[in-house]
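Subject: Structure for your review

Dear colleague,

Please find below the structure that I am handing over to you. My findings follow it, arranged by topic.

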Amino acid sequence: LRVESRVSKNHRTIMGGHSHYPPKQASQEDMSAAKLDIAYRDTCASLLIPLNKCRYKTAYTPWNCGHERHEYEKCQYMEFQKRVQILKEN
C-alpha cells in the first residue's frame with residue numbers, strides 16, 4: 001500500500017487527505033457576524049467559525065466537535081511552523 005500526498009504551490013493536503021492548508025480565508029463580514037475577537041481573526045478563522053457553532057450547539061461538551069477542533073488546531077500548528085521557518089530564514 002502506497003500513500004501519496006498531493007503537494008502544489010498554494011495547497012497542501014495533510015492528514016491523509018482530510019484537510020487542506022491553507023484553508024479558505026473567511027471574510028471580514030463572516031468574522032464580524034461570528035463575533036470573533038480580533039485576536040482570532042487570522043488565516044484559521046474560517047475553521048474557527050464552524051467549530052464555535054458546533055460548540056454552541058453541543059453546549060461545549062468536550063467529546064463533541066472533535067473533527068472541527070482537530071482541523072482548527074492543525075491549522076494553528078501549521079501557521080506556527082510557517083512563522084518559525086520565517087524566523088530561521090532571517
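Which residue does a disulfide join to C44? The partner is C75, with an S to S distance of 2.0 Å. Please bear in mind throughout that this is a predicted model.

**The two disulfides**

The search of the whole structure found two disulfides. The angle about their S-S bond is -85°, and the link is left-handed. Both cysteines are buried.

The other disulfide is formed by C54 and C65, whose sulfur atoms are 1.9 Å apart. This pair also links distant parts of the chain, with C54 in helix α2 and C65 in the loop between α2 and α3, eleven residues apart. The link of C54 and C65 is left-handed, with -95° about the S-S bond. C54 counts as buried because its relative accessibility is 14%, a value under the 20% cut-off. C65 has a relative accessibility of 9%, so it is buried by that cut-off as well.

If the bonded cysteines are numbered in sequence order, the pairing reads 1-4, 2-3.

**The surroundings of C44**

C44 deserves a separate paragraph. The loop that holds this residue runs between α1 (28-33) and α2 (45-57). Its relative accessibility is 0%, and C44 therefore counts as buried. Leaving aside residues up to four places away in sequence, C44 touches P23, Y72, C75, Q76 and E79. For C44 and P23, which are 21 residues apart along the chain, the C-alpha atoms are separated by 6.8 Å.

**The overall arrangement**

The secondary structure of the chain consists of three helices and two strands. Along the sequence, the pattern is β-β-α-α-α. The chain has 90 residues, and buried residues make up 24% of them. Of the contacts between residues at least 6 apart in sequence, 33% join residues at least 24 apart. The chain exposes about 7200 Å², of which carbon and sulfur atoms supply 54%.

**Helix α3**

How far apart are the end C-alpha atoms of α3? The distance is 35 Å, which agrees with the 34 Å that its 24 residues should span at 1.5 Å a residue. The buried residues of α3 are E71, Y72, C75, M78 and E79.

The search of the whole structure found one aromatic pair. The rings of Y77 and F80 have their centres 6.5 Å apart, and their planes meet at 35°, so the pair is tilted. Y77 and F80 both belong to helix α3 (residues 66-89), where being three residues apart separates them by about one helical turn. In general, an α-helix has 3.6 residues a turn, so residues three or four places apart point the same way. Y77 is partly exposed, with a relative accessible area of 42%, and F80 is partly exposed at 43% relative accessibility.

**Two residues with positive phi**

The loop between α2 and α3 includes A59, whose phi is near 55°, a positive value in a residue other than glycine. A59 counts as exposed, at 60% relative accessibility. Y60 is also placed in the loop between α2 and α3, and has a positive phi of about 60° although it is not a glycine. The relative accessible area of Y60 is 55%, so this residue is exposed.

**Confidence in the model**

The average pLDDT of the chain is 83, and 77% of the residues score at least 70. Among the elements of the chain, α2 has the highest mean pLDDT, 96, whereas strand β1 (residues 12-14) has the lowest, 48. Over residues 1-15 the pLDDT stays under 50, and the model has 21 contacts beyond four places in sequence for this stretch.

Yours sincerely,

A colleague

Key
Residues are numbered from 1 along each chain as its sequence is written. This is a predicted model: local features need pLDDT of at least 70, side-chain atom pairs count only at pLDDT 80 or more; totals for chains, interfaces and linings use all residues. Side-chain values use heavy atoms; hydrogens and water are left out. Rings of Phe, Tyr and Trp (its six-membered ring) pair if their centres lie within 6.5 Å; planes under 30 degrees apart count as stacked, over 60 as edge-to-face and the rest as tilted. Helices (H or I, at least four residues) and strands (E, at least two) are DSSP runs, numbered from the N terminus. Buried means under 20% relative accessible area, exposed over 50%, partly exposed in between (1.4 Å probe, protein chains only). Contact means heavy atoms within 4.5 Å. The expected span of a helix is 1.5 Å times one less than its number of residues. pLDDT is the predictor's confidence in each residue, from 0 to 100. A disulfide is a pair of cysteine sulfur atoms within 2.5 Å. Accessible areas come from the Shrake-Rupley method with a 1.4 Å probe; for residues, only the protein chains shown count as cover.
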